[in-house]
Amino acid sequence: MLTLTFHGHACFTLEADGRRLIIDPFLTGNPATDIPLARLPKVEAVLLSHGHGDHLGDAIPIAQRDGATIIATAELARFCGEGGATVHPMHIGGARQFPFGRVKLVPAFHGGAVEGDPTGQFTTNPCGVVVTMGGHTVYHCGDTGLTMEMQLLAGRVDAMLVPIGDNYTMGIEDAVRAVEFVQPRTVIPMHYNTWEVIKADPEQFKRQVGARARVVVLAPGAAHTLS
Ligand code: NI
Ligand code: MN
């Protein structure tokens, strides 16, 4: 059993077997989140897709508060480490078994600058994050355009967290094609309606996905359990 809780934009917590992690913890300054940082339950790991402010978010304060490990691409992990967090650097294509489950980083096509790094020395490749825990595999696409690389995950993903907001990432049309590529059972749209520039209708996405997968639209604060 694996429970996904949406905290607005691209932020999710994953819980299984009494363990909890967070992906892209953008709470402070997130107009779409349901909770302030102070009310986030304790996590043991913080997974990052990339270093843009709406994904890096509160990663370092959470890691320091909870004694959590930040797991990210090596350059972004080094940035967080210099910021005082415990980190575990990885990179695209690599996987590792952690106490809570397995993490694999996969390609994403997007910008790699790191918020708070004026020198540019920590700029890195953005990534998607594939997490296996509680007997289920979740693919958080991160911020990305539609890529052929997604086809490499075909049939290997139970739940796909896919951006639909357009402008900075895939919009609805390409997100539907991404679902075709990956063939997950469950799809949860993200990265939309946080700001006007990424306004999108998740019900339209759901209609267009049709019978390809079960689309679960989560309001911020809502959860979905894979059983
Ligand atoms: Ni981004
Ligand atoms: Mn973003």
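Colleague: What kind of site do the four donor atoms of the nickel ion (ligand 1) make?

Modeller: Keep in mind that this is a predicted model, where local features need pLDDT of at least 70, side-chain atom pairs count only at pLDDT 80 or more, and totals for chains, interfaces and linings use all residues. Residues are numbered from 1 along each chain as its sequence is written, chains are lettered from A and ligands numbered from 1 in the order in which they are written, and side-chain values use heavy atoms, with hydrogens and water left out.

Now the general idea: donors are N, O and S atoms within 2.8 Å of the metal (3.2 Å for Na, K and Ca), and sites may look incomplete because water is not among the atoms. Four donors are tetrahedral if all angles lie between 85 and 135 degrees; four are square planar and six octahedral if opposite donors are over 155 degrees apart and all others between 65 and 115; anything else is irregular. Here the angles are 90 to 175 degrees, and the nickel site is irregular.

Colleague: Which residues coordinate the nickel ion (ligand 1)?

Modeller: His-50 (NE2), His-52 (ND1), His-110 (NE2) and Asp-143 (OD), at 2.1 to 2.3 Å. Asp-143 also coordinates the manganese ion (ligand 2), and the two ions are 3.3 Å apart.

Colleague: Is His-50 buried or exposed?

Modeller: Buried means under 20% relative accessible area, exposed over 50%, and partly exposed in between (1.4 Å probe, protein chains only). His-50 has 1% relative accessibility, so it counts as buried, while His-52, at 22%, counts as partly exposed.

Colleague: Which residues touch the most other members of the largest nonpolar core?

Modeller: In soluble globular proteins, nonpolar side chains tend to be buried together. A nonpolar core is a set of buried Ala, Val, Leu, Ile, Met, Phe, Trp, Tyr and Cys residues joined through side-chain atoms within 4.5 Å. The largest one here has 29 residues, and Leu-14, Leu-21, Leu-47, Phe-100 and Val-103 touch the most other members.

Colleague: What about charged pairs? How many salt bridges are there?

Modeller: A salt bridge is a side-chain nitrogen of Lys or Arg within 4 Å of a carboxyl oxygen of Asp or Glu, and the count comes to five. One of them joins Arg-19 and Glu-44, at 2.8 Å from N to O. Arg-19 has a relative accessible area of 31%, so it is partly exposed, and Glu-44 is partly exposed too, at 28%. Another joins Arg-185 to Asp-158 at 3.3 Å; Arg-185 is exposed at 52%, whereas Asp-158 is buried at 19%.
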